[in-house]
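Dear colleague,

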Amino acid sequence: CIANQLQREPRDVHAIAYRCPCGKPAVVETPPRLQDGTPFPTFYYATCPKLTGEISTLESSGLMVEMNNRLAVDSELAGAYAAAHEDYLAARAVVGRDVPEVEGISAGGMPDRVKCLHSLIAHSLAAGPDVNPLGDEALAKLPKWWLNNPCE
């Protein structure tokens with residue numbers, strides 16, 4: 001199923017971190033070092049093409065610029081976003097440690113900026129609500145991608 005979603009073989013999937021309401025995988029966990037030795041910082045990876053398509057549309061809306069502007073002036077938001085970064089690192093460390101190439105690196109621009117809503121939304125879906133404030137905010141802006149036509 002994940003290979004169909006990605007239209008390629010997935011790389012070293014550790015677990016399905018979130019299933020779409022339709023029951024199909026939507027976010028996977030990938031270890032911080034792939035079997036071939038490559039460091040891979042993106043622990044939560046969105047696989048559902050309907051979800052990723054909707055996130056791409058949201059990224060093109062200018063939301064990331066607005067989020068970055070708010071991060072620069074809202075210390076409470078910046079603190080919650082930094083905590084999300086730490087949550088991401090801690091979850092990844094449970095799956096794989098001692099990968100110095102990705103040490104301190106999470107995804108999506110955390111902890112200082114927003115550069116990828118795919119990563120932030122994948123984190124929110126996998127971790128649940130109230131962990132990643134900007135991922136939660138972006139997720140709330142998405143339509144219910146699973147309702148029209150079944151997911152892959």
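In these notes, buried means under 20% relative accessible area, exposed means over 50%, and partly exposed is in between, with a 1.4 Å probe and protein chains only. By that scheme Trp 145 is buried, with a relative accessible area of 5%, whereas Trp 146 is partly exposed at 23%.

Please keep in mind that this is a predicted model, in which local features need pLDDT of at least 70 and side-chain atom pairs count only at pLDDT 80 or more, while totals for chains, interfaces and linings use all residues. Residues are numbered from 1 along each chain as its sequence is written, and side-chain values use heavy atoms, with hydrogens and water left out.

The structure holds four aromatic pairs, where rings of Phe, Tyr and Trp (its six-membered ring) pair if their centres lie within 6.5 Å, and planes under 30 degrees apart count as stacked, over 60 as edge-to-face and the rest as tilted. One of them joins Phe 43 and Tyr 88 edge-to-face, at 6.4 Å centre to centre and with 80° between the planes. Because Phe 43 lies in the loop between strand E2 (25–29) and strand E3 (44–46) and Tyr 88 in helix H4 (residues 75–95), the pair ties together parts that are 45 residues apart in sequence; helices (H or I, at least four residues) and strands (E, at least two) are DSSP runs, numbered from the N terminus. Phe 43 is buried at 1%, and Tyr 88 is buried at 0%.

His 85 is in helix H4 and is buried, with a relative accessible area of 5%.

With regards
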